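The points below are meant to be taken in order, with the model open.

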Amino acid sequence: LYVFVSSVTGDNRVAFYSLLFTVFLWGPGAWYHSGFLNATSIGGVQSYPSISTTGFTLVSFVFVYKYLETQQIRWFVPVPLLLCYVVLTHPFTAVAGYGGVLALAASDVPKQTNGTYWIALSSLIIPVIAWFAWPWFDAWYLLFDGGGAINESNARMYSYPYIRALGALLAVPVIYGALRGRPRDPLALMFLVFLGTYLIGAITGIWSLGRIMPFLALVAHIA
């Protein structure tokens, strides 16, 4: 988290407050569920696989950002491998991984060109192939099983989110201001992509997409 926040914001001090906010700055009845970094969940849920894949996803964001910033291919190489691990270990977190890479590639990270943009997007190809080709379980079914038990168990992600994530909502004016001053701000674009994914889940009834909420809140807390 420290490296990701420091890279995106350019300020080492922001990481401390981001961690403090993402642990405590929520609302009444904050989710008690794996994948959340809030004080309600972090001490009582299993850290594997959700929290471990969250860490790997944040590391992949750092590598993508560094690659876009420097155009040095060494930063790009680990990204497909990290995302493969995430998608084959916890497909719910992989959705945030894909969305985050897309947002960073579309941002105005210094020095990036059209070439680096497409190379960054290519980091998603191998994980997508792994998603469909992995023989030991159906990652696609796990995430998009329609009215199945797994999907229904994630419906709680849409239970009073405006109350449970009240603290994170305080960042909305900040993100709006960032977009006005810098339309391709990396954090603001990540927030919009994650929010869009969350809303698609609400509209389509694919409740598992709501598992992106921890990342949506994390980006809000960083902002």
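What follows is a set of numbered points, going from the overall build to particular helices and their packing.

1. The coordinates come from a predicted model, and every remark here should be read with that in mind. The protein holds 14 helices and 0 strands, so that, read from the N terminus on, the order of elements is α-α-α-α-α-α-α-α-α-α-α-α-α-α.

2. As to overall dimensions, the C-alpha trace spans about 45 × 45 × 30 Å along the principal axes of the protein.

3. Helix α3, which covers residues 50-70, contains 21 residues, and the distance from its first C-alpha to its last is 30 Å, close to the 30 Å expected at 1.5 Å a residue. Just after α3 comes Gln71, which takes a positive phi of about 60°.

4. The remaining points concern pairs of helices. In general, two packed helices are described by the angle between their axes and by the distance between the axes.

5. How are helices α4 and α7 oriented to each other? Helix α4 (residues 78-89) packs on helix α7 (residues 125-133) at an angle of about 30°, and their axes are 8 Å apart; angles under 35 degrees count as roughly parallel, and α4 and α7 are therefore roughly parallel to each other. The crossing in which α4 passes α7 is right-handed. On the α4 side the contact is made by Pro80, Leu83, Cys84, Val87 and Leu88, while α7 supplies Ile126, Pro127, Ala130 and Trp131. Sorted by class, this contact of α4 with α7 has 9 nonpolar residues, with no polar and no charged ones.

6. Helix α13 (residues 186-204) and helix α14 (residues 213-222) have axes that come within 9 Å and cross at roughly 150°. Since angles over 145 degrees count as roughly antiparallel, α13 and α14 are therefore roughly antiparallel to each other, and their crossing is left-handed. In α13 the residues involved are Leu187, Met190, Phe191, Phe194, Leu195 and Tyr198, and they meet Met213, Phe215, Leu216, Val219, Ala220 and Ile222 in α14. The contact of α13 with α14 has 12 nonpolar residues by class, again with no polar and no charged residues.

7. Helix α14 also packs with helix α2 (residues 13-24), here at an angle of about 135° and with the axes 8 Å apart, which makes α2 oblique to α14. The crossing of α2 and α14 is right-handed. The contact is made by Val14, Ser18, Phe21 and Thr22 of α2 together with Leu218, His221 and Ile222 of α14. By class, the contact of α2 with α14 has 4 nonpolar and 3 polar residues, and no charged residues. Ile222 of α14 is listed in the contact with α13 and also in the contact with α2.

Notes:
Residues numbered from 1 in each chain as written. Predicted model: local features only at pLDDT ≥ 70, side-chain atom pairs only at ≥ 80, totals over all residues. Heavy atoms only, no water. Axes fitted to C-alpha atoms, helices over the stretch in contact; angles between N-to-C directions. Helix = DSSP H or I, 4+ residues; strand = E, 2+ residues; numbered from the N terminus. Parallel < 35°, antiparallel > 145°, perpendicular 65-115°, else oblique. Left-handed = near helix turned anticlockwise from the far one by under 90°. Contact = heavy atoms within 4.5 Å. Nonpolar A, V, L, I, M, F, W, Y, C, P; charged D, E, K, R; others polar. Expected span 1.5 Å × (residues − 1).
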